[in-house]
Amino acid sequence: MACKFISHEDTNQWLEALAKDHVVFIPVDDGGSVTFRPYGEGRKPVLDRMPVRSPKEAVFPQNETLLTYKYDKDPEDPERTSVRIKETLPKERAVVFGARPCGTRGMTVFDSVFVNDRIRDPYYATRRENTLYVTLACHEVESTCFCHEVGSGPADTAGSDVLLTPVQGGYTAEAVTERGEKMLEASFFADGGDKCAEAEAVKKATREMLGEAHDFSNAPEALLAVFDDDEFWDDQAAACLSCGACTYLCPTCYCFNITDESTGTTGKRLRSWDTCMSFQYTLEGSGHNPRTTKGKRLKNRVNHKFAYFPDTYDQHLACCGCGRCIKSCPASIDIRSIVKAAQARSAQKESK
Amino acid sequence: MQALAELKEQIRQALPDLDVVIGWQQGYDALHTSPLFIRSEEDIDKLVVNEFCVVNPATYLREMRGGKKVGLVLKGCDSRSVIQLLQEKLLKEEDLTIFGFGCNGVLNHTKLQARFGDIGFITSLENDGTNVTVEAGDKKETVPFTELCADKCLTCSYPNTLQCSHFAGEESAKQADSATDKALEDFEKLTMEERFTFWQDQMRRCIRCYACRNACPMCVCKDHCLANSREPKWLSEDVDVQNNFMFQLIHVMHLTGRCVECGECERACPMDIPIMLLRRKMAGIVRDVFAYNAGTNAEETPPLMCFKVEEPTIEERH
Amino acid sequence: MSGSTGLLTEGQDLRIVGFLCNWCSYGGADTAGVARFEQPTDLRVIRVPCSGRIDPLFIARALLSGADGVLVSGCHPRDCHYAEGNFYARRRFEMLKQFLSVTGIDPERFHYTWVSASEGQRWQDVVTSFTERIRKLGPATKMAGGTGYDEECLKEIAAAVSLGDQCPCHKEKA
């Protein structure tokens with residue numbers, strides 16, 4: 001992998017150049033919290049804090065219009081109506097700049113679900129093909145970081161097209177994909193030189209800050225062993241408020257709902273994020289709800305990431321270790337400790 | 001920590017007659033606590049009481065209805081929500097045991113974050129009541145408590161738990177730093193257009209996770225909120241400014257004369273949207289017009305549940 | 001309800017929503033109509049059983065969804081068909097009225113009052129003066145925007161008008 005260098009000043013010019021034919025999402029200070037917003041005049045990227053919102057929304061926006069429709073009344077026979085439907089495939093080309101490796105890694109989870117040998121979701125696939133991820137490696141860690149425990153790391157390249165690493169005066173840039181290589185052909189990039197060694201040192205130092213990794217490799221079996229242990233799950237979920245902060249901010253949560261939103265004779269079919277932490281998520285049309293308690297709902301969130309997903313798709317955990325769910329939880333619920341508790345509980349059961 | 005030891009002892013005595021006691025325990029790092037559900041003796045030692053005990057344990061009461069005997073460790077502000085719920089006859093007094101103490105204020109994570117980069121970067125924090133010393137990375141700074149505490153603590157006039165069955169430690173002599181809410185006062189200096197733009201901008205980052213609603217101790221509809229109703233359909237699934245703000249108005253209107261200003265909605269908001277401005281404004285109007293302070297007297301009737309034939313404080317509208 | 005004064009034709013059409021109780025104010029409006037009192041036509045009336053039925057959220061929602069004004073009218077206090085519906089309503093409306101300013105929605109855009117079934121003349125005054133007031137305030141600004149692409153869309157909406165189908169924003173914002 002060739003290593004190049006771009007200075008801080010040139011980075012801004014590069015963004016400017018990219019913004020000419022892309023929607024460039026950058027992390028900005030948005031009333032005190034950091035969110036991804038389109039690059040525009042006067043907007044400076046905030047790169048020293050992890051964005052609160054995850055980079056998934058560039059490819060999987062909270063609301064995606066799938067189609068629009070209009071009902072027409074037959075003037076001859078007002079009882080008869082016809083409907084016109086217009087498909088709305090996304091056309092934007094986008095760049096996500098300054099996401100963290102954990103957040104970008106989340107996209108690999110989406111990739112396995114939305115584009116595989118059985119399914120190709122046209123909306124997702126189109127956006128994914130038209131979106132480039134320029135990711136920024138971390139040089140600091142937080143109390144909620146645990147990327148190293150889920151098979152990732154502070155300089156993970158999974159999902160990215162380009163990986164930047166902060167060094168003196170700018171960033172080193174490595175292309176991860178062919179598309180990324182193309183991006184680095186821009187005139188703003190110089191040869192990395194001795195900056196590359198500095199970047200490697202930064203990556204190593206950050207990884208060391210994270211310390212020893214807890215082993216989650218037996219998590220699927222452990223979680224399934226306590227599957228029917230309602231007491232355990234009710235206990236873990238006692239503090240849960242059943243809000244959707246964890247799932248909506250999660251870079252790997254991909255559940256959605258589809259609704260028709262109409263006003264008068266026109267409307268649109270909308271795909272929106274859904275959250276398994278909500279009572280409505282499994283509420284059936286009959287009024288019956290198979291997931292009656294928040295314990296069962298929390299079980300689904302944790303198990304999906306640490307058991308069901310790895311069982312279904314190549315053993316990878318569907319958790320990228322970014323810690324957003326922990327940090328943003330109003331009750332400070334920690335997914336790490338839930339899985340650890342399940343591991344301990346199943347070990348205890350076995351030894352009995 | 002005299003109060004903590006006393007609290008633990010009082011809980012130990014009362015626990016045999018209770019199904020659960022809700023308090024706080026140490027969270028995943030030194031700056032966070034999470035709710036603690038004490039069901040057995042060994043849980044009691046996990047109890048902590050400090051400036052990070054932000055969650056209002058009364059929020060969990062909506063799940064505990066139906067004859068459960070519940071104990072609650074409550075700050076003064078939290079206890080107001082219990083009184084309000086009692087007043088609305090949503091709880092039975094005989095089911096509750098309240099453990100009170102004197103609170104000297106809680107810290108606000110958003111303010112800490114704004115000051116020190118990110119909450120996860122803070123490595124140590126010491127609070128002596130007037131000053132807070134924070135270490136983050138290679139920065140070490142001492143900041144007055146009033147600059148980092150929750151907004152509600154600045155105007156707090158109920159630092160001691162109201163209507164409690166047990167009180168531990170000494171009463172807090174904490175005085176309100178100001179009688180009026182400065183944030184709201186500053187906001188109201190803006191013109192009508194500026195306020196409109198302000199909300200339009202704030203609501204853009206709302207993700208409609210409903211943390212504000214679910215963290216609210218007065219939101220007793222639980223899983224059957226108007227916001228999720230399809231028929232009638234109050235809100236579209238569109239997470240846009242208009243619908244997001246409409247939800248805020250739904251919350252505010254449903255809390256008129258009920259909101260105890262515990263600030264949980266704003267604290268719970270993962271996007272740090274200052275939605276307490278709306279709640280405080282409404283609570284202020286209720287105080288002005290009906291001389292009513294929610295959650296301070298279980299014998300009163302909420303102002304929107306009653307009326308006067310002649311309303312001396314309402315100007316007649318022609 | 002139509003007439004021939006300049007009031008009805010000048011300026012753009014306003015969207016004013018009226019919530020009227022069935023027993024008094026709706027009757028009052030009817031009386032005004034029967035008596036052929038001239039009235040502006042911007043008001044769209046929604047008849048409700050009682051002013052006590054009017055959830056303040058109806059008003060909030062109308063205002064947020066683009067109404068330029070909301071007029072609410074019920075039976076005079078002490079005259080409610082259901083004895084006390086309007087007493088409760090009065091408290092709720094007053095709360096909303098005073099609250100609106102903090103949202104940046106001009107409280108002048110909302111008015112609540114009492115008109116009885118026999119007060120055709122009074123109805124004419126109420127509806128005329130309220131319409132006048134809204135006309136002076138002009139059309140209300142609509143809250144708009146969302147996150148991400150939506151925002152980009154807003155920014156380019158002006159340019160998109162000339163671009164037509166070429167617009168990079170596939171989302172059609174009403």
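**Figure 1. Chain B as a whole.** Chain B has twelve helices and eight strands. The model is predicted. The radius of gyration of chain B is 20 Å, close to the 20 Å that the globule rule gives for 318 residues, so chain B is as compact as a globular protein of that length. Its C-alpha trace spans about 60 × 50 × 40 Å along the principal axes. Of the 318 residues of chain B, 48% count as buried. Now take the contacts in chain B between residues at least 6 apart in sequence: 66% of them join residues at least 24 apart.

**Figure 2. Where chain A touches chain B.** Here 40 residues of chain A are in contact with 35 residues of chain B. Several elements of chain A each supply at least two residues to this side. Three are strands: E3 (33-38), E11 (256-263) and E12 (266-273) of chain A. Two are helices: H8 (245-249) and H10 (324-327) of chain A. By class, the side of chain A that touches chain B has 15 nonpolar, 17 polar and eight charged residues.

**Figure 3. The open sheet of chain C.** Four strands line up in the order E2-E1-E3-E4 in chain C, with parallel pairing. Which strands sit at the edges? They are strand E2 (43-48) and strand E4 (110-114) of chain C, and each pairs on one side only. From one strand to the next, the twist averages 20°.

**Figure 4. A strand pair within the sheet.** Strand E1 (residues 16-21) of chain C runs parallel to E2(C), and six bridges join the two. Look for Gly18(C): its bridge partner in E2(C) is Val45(C).

**Figure 5. Two helices on the sheet of chain C.** H1(C) lies across E1, E2 and strand E3 (69-74) of chain C. H1(C) runs at about 110° to E1(C). Helix H2 (residues 56-64) of chain C also packs on the sheet, where it touches E1, E3 and E4 of chain C. The direction of H2(C) makes about 155° with that of E3(C).

**Figure 6. Helix against helix in chain C.** Helix H1 (residues 25-34) of chain C packs with helix H4 (residues 120-137) of chain C. Their axes are 7 Å apart, at an angle of about 100°. H1(C) and H4(C) are therefore roughly perpendicular to each other. Which residues of H1(C) and H4(C) meet? H1(C) brings Gly28(C), Ala29(C), Thr31(C) and Ala32(C). H4(C) brings Gly120(C), Arg122(C), Trp123(C) and Gln124(C). The residues of this contact divide into three nonpolar, four polar and one charged.

Note on methods:
Residues are numbered from 1 along each chain as its sequence is written. Chains are lettered from A and ligands numbered from 1 in the order in which they are written. This is a predicted model: local features need pLDDT of at least 70, side-chain atom pairs count only at pLDDT 80 or more; totals for chains, interfaces and linings use all residues. Axes are lines fitted to C-alpha atoms, for helices over the stretch in contact, and angles run from 0 to 180 degrees between N-to-C directions. Angles under 35 degrees count as roughly parallel, over 145 as roughly antiparallel, 65 to 115 as roughly perpendicular and the rest as oblique. Two residues are in contact if their C-beta atoms, placed from the backbone, lie within 7 Å. Ala, Val, Leu, Ile, Met, Phe, Trp, Tyr, Cys and Pro count as nonpolar, Asp, Glu, Lys and Arg as charged, and the others, Gly among them, as polar. Two strands pair if DSSP finds at least two bridges between them. The radius of gyration is taken over C-alpha atoms; the globule rule is 2.2 Å times the number of residues to the power 0.38. A residue is buried if 20 or more other C-beta atoms lie within 10 Å of its own, exposed if 12 or fewer, and partly exposed in between; C-beta atoms are placed from the backbone.
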